[in-house]
Amino acid sequence: MAAASSSTVSLASSTSVTLRPAQPADAVQLQALQQVIYDEARWFVGDGPPSVDMLTRRLRSLDLRHTYYLVALARTEGHMLQGHTLQGRTPRGKPTSKPRLCGWLELNRPQPLRLRHVAVLTLAVAPEWRGRGVGQHLLARAYAWAQRTGVKKIQLDVRSGNSAAIRLYKRQGFVLEGRERAQIRTSKQSNHYEDNLIMAKFLDDSLLTASTAYLGCPDLQAPDIQAPDIQAPELQAGEAHHKPISPTSESK
């Protein structure tokens, strides 16, 4: 199945972003973006991103029937947002000429036939581009790919403290399916923990009527996304999601 072509979308502040399938040449910037988000220590759960070599090999061997790997590229015009790039700090006001990778999205379908109607989502946006619509444009392309390939349900994991991501997913029609209590240590040395939330968007409503989930047992009904204990304070985190799908681990 051929990958979709690139497209350019307009954002606020007279800026635009180009969305296109990831290429092996994107591995350096992709690894740098992942490192930035790992360094924030608030969204991902792994110990660090895969190497550039591992990302390059993965991007060369993608099975487009089962994986959709999309990147967002931005070219700033006459200024540097937040005074820095993914490759290091730059004096505010210096223009850039090369497009910078400012976000990426993955959908991964399980191999078993019984699970291929489901795709697992990973989404992350660079700090200086959050809250500007990059995430929602990436998701729109993801839904189109899912419909073309027969995916009927998109599932994700998100840390309960990532309120900005939870708000985005709720606006996009995702619902809470489950909660893993105290699943994530908030830092490597911390004795504090937070929950992992499992959310999903149904692209085919017939799944809800065809499902035999819960077997009619009221005590097994999925919790409501409006539950007060998952309402976290307002954050400036943007749309970073905590489980990047990498060649090493962290897919679920």
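1. A word on the model. It is predicted: local features need pLDDT of at least 70, side-chain atom pairs count only at pLDDT 80 or more, and totals for chains, interfaces and linings use all residues. Residues are numbered from 1 along each chain as its sequence is written, and side-chain values use heavy atoms, with hydrogens and water left out.

2. Asparagine 196 belongs to strand 10 (residues 193-202). Helices (H or I, at least four residues) and strands (E, at least two) are DSSP runs, numbered from the N terminus. Is asparagine 196 buried or exposed? Asparagine 196 is buried, at 1% relative accessible area. Buried means under 20%, exposed over 50%, partly exposed in between (1.4 Å probe, protein chains only).

3. The structure has four aromatic pairs. Rings of Phe, Tyr and Trp (its six-membered ring) pair if their centres lie within 6.5 Å; planes under 30 degrees apart are stacked, over 60 edge-to-face, the rest tilted. Tyrosine 38 and phenylalanine 44 pair edge-to-face, 4.8 Å centre to centre, with 70° between the planes. Phenylalanine 44 and tryptophan 104 also form an edge-to-face pair, at 6.3 Å and 75°. Phenylalanine 44 lies in the loop between helix 1 (27-40) and helix 2 (52-60), and tryptophan 104 in strand 6 (residues 100-108), so this pair ties together parts 60 residues apart in sequence.

4. Ring pairs link Tyr38, Phe44 and Trp104 into a cluster. Tyrosine 38 is buried at 10% relative accessibility. Phenylalanine 44 is buried at 5%. Tryptophan 104 is buried at 0%.

5. Helix 2 has Leu55, Thr56, Arg58 and Leu59 as its buried residues. Seen down the helix axis, they fall within an arc of 165°, so they line one face of helix 2. The arc is that of the directions from the helix axis to the C-beta atoms. These buried residues pack against helix 1, strand 3 (67-74) and strand 6, where contact means heavy atoms within 4.5 Å.

6. Two charges sit over rings. The charged end of arginine 132 is over the ring of tryptophan 129, 4.5 Å from its centre. That of lysine 201 is over the ring of tyrosine 143, 5.0 Å from its centre. The criterion: NZ of Lys or CZ of Arg within 6 Å of the ring centre and within 35 degrees of the ring normal.
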